[in-house]
Amino acid sequence: MSYIDGFVIAVPKANRQKFIDHANHADPIFVEMGAIRVIECWADDVPAGEHTDFRKAVQATDDEDVVFSWIEWPDKATRDAGMAKMMSPDFADPRMDPETNPMPFDGKRMIFGGFVPVVTLGK
């Protein structure tokens, strides 16, 4: 069964292209580690909620947009092995080097987690 890593971040609107460039450099690493696909989505129709919403969840300011992303893995074991390799002190890929590919957002406000699909529909 597949496994999903989900992410929500606030990215300065002025950094939209920087974010896309950053993702285009870093995201292929997840595929190389076994991910089936990586999806990065820029806010388009993100309504303000009465009690909570995507913007509040990441403390987005007026000059920021929300990015909703996920990585689909074939299973949790592949995800765990891939993430363990990437987090290893021996992992040195220039695509993840903050000097050459800095994150164009505040990573401290990122929310993320791993999820087990319980319903999957499609054609």
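Q: I gather that two strands pair if DSSP finds at least two bridges between them. How many bridges join S2 to strand S3 here?

A: First, the labels: helices (H or I, at least four residues) and strands (E, at least two) are DSSP runs, numbered from the N terminus. In this structure, 6 bridges join S2 to strand S3 (residues 64-73), and the two run antiparallel. To find a spot in that pairing, look for valine 38, which stands opposite isoleucine 71 in S3.

Q: Before we go on, what kind of model is this?

A: This is a predicted model, where local features need pLDDT of at least 70 and side-chain atom pairs count only at pLDDT 80 or more, while totals for chains, interfaces and linings use all residues. Residues are numbered from 1 along each chain as its sequence is written, and side-chain values use heavy atoms, with hydrogens and water left out.

Q: How do I read the whole sheet, and in what order do the strands come?

A: Strands of a sheet pair through backbone hydrogen bonds, either parallel or antiparallel. Here 4 strands make an open sheet, ordered S2-S3-S1-S4, with antiparallel pairing. Strand S2 (37-42) and strand S4 (111-115) each have a single partner strand and stand at the edges, so one side of each has no neighbour in the sheet. On average, neighbouring strands are turned by 15° against each other, direction ignored; axes are lines fitted to C-alpha atoms, for helices over the stretch in contact, and angles run from 0 to 180 degrees between N-to-C directions.

Q: What does S1 pair with?

A: S1 is joined to S3 by 10 bridges, running antiparallel, and valine 11 stands opposite aspartate 65 in S3. S1 also pairs with S4 in the antiparallel sense, over 5 bridges; there, isoleucine 4 stands opposite phenylalanine 115 in S4.

Q: Is S1 enclosed or left open?

A: Buried means under 20% relative accessible area, exposed over 50%, and partly exposed in between (1.4 Å probe, protein chains only). By that reading, 9 of the 10 residues of S1 are buried, so the strand is largely enclosed by the rest of the structure. For the chain of 123 residues, the buried share is 34%.

Q: Where does helix H1 sit?

A: Look for contacts, meaning heavy atoms within 4.5 Å. Helix H1 (residues 16-32) lies across strand S1 (3-12), S2 and S3, and runs at about 165° to S2.

Q: Which residues make up the largest nonpolar core?

A: A nonpolar core is a set of buried Ala, Val, Leu, Ile, Met, Phe, Trp, Tyr and Cys residues joined through side-chain atoms within 4.5 Å. The largest one has 10 residues: Tyr3, Phe7, Ile29, Phe30, Met33, Ala35, Ile71, Trp73, Met83 and Met86. S1, H1, S3 and helix H3 (76-87) are the elements giving two or more residues to this core. There is also a second, separate core of 6 residues, with Ile9, Val11, Val67 and Phe105 among them.

Q: What does tryptophan 73 contact?

A: Leaving aside neighbours within four places in sequence, its contacts include Tyr3, Phe30, Met33, Ala35 and Met83.

Q: Which polar contact does the side chain of serine 69 make?

A: A polar contact is a pair of N or O atoms within 3.5 Å; within protein, one must be able to donate a hydrogen and the other to accept it, and residues adjacent in sequence count only if both atoms are side-chain atoms. Serine 69 lies in strand S3 and counts as buried at 6% relative accessibility. Its side chain makes a polar contact with that of glutamate 40 (2.4 Å).

Q: And where is arginine 109?

A: Arginine 109 is in the loop between H3 and S4 and is buried, with a relative accessible area of 17%. Its side chain and that of glutamate 64 are joined by a polar contact of 2.7 Å. Not counting residues up to four places away in sequence, arginine 109 also touches Val8, Ala10 and Val58, among others.

Q: Stepping back, which pattern does the chain follow along the sequence?

A: With 3 helices and 4 strands, the chain reads β-α-β-α-β-α-β.
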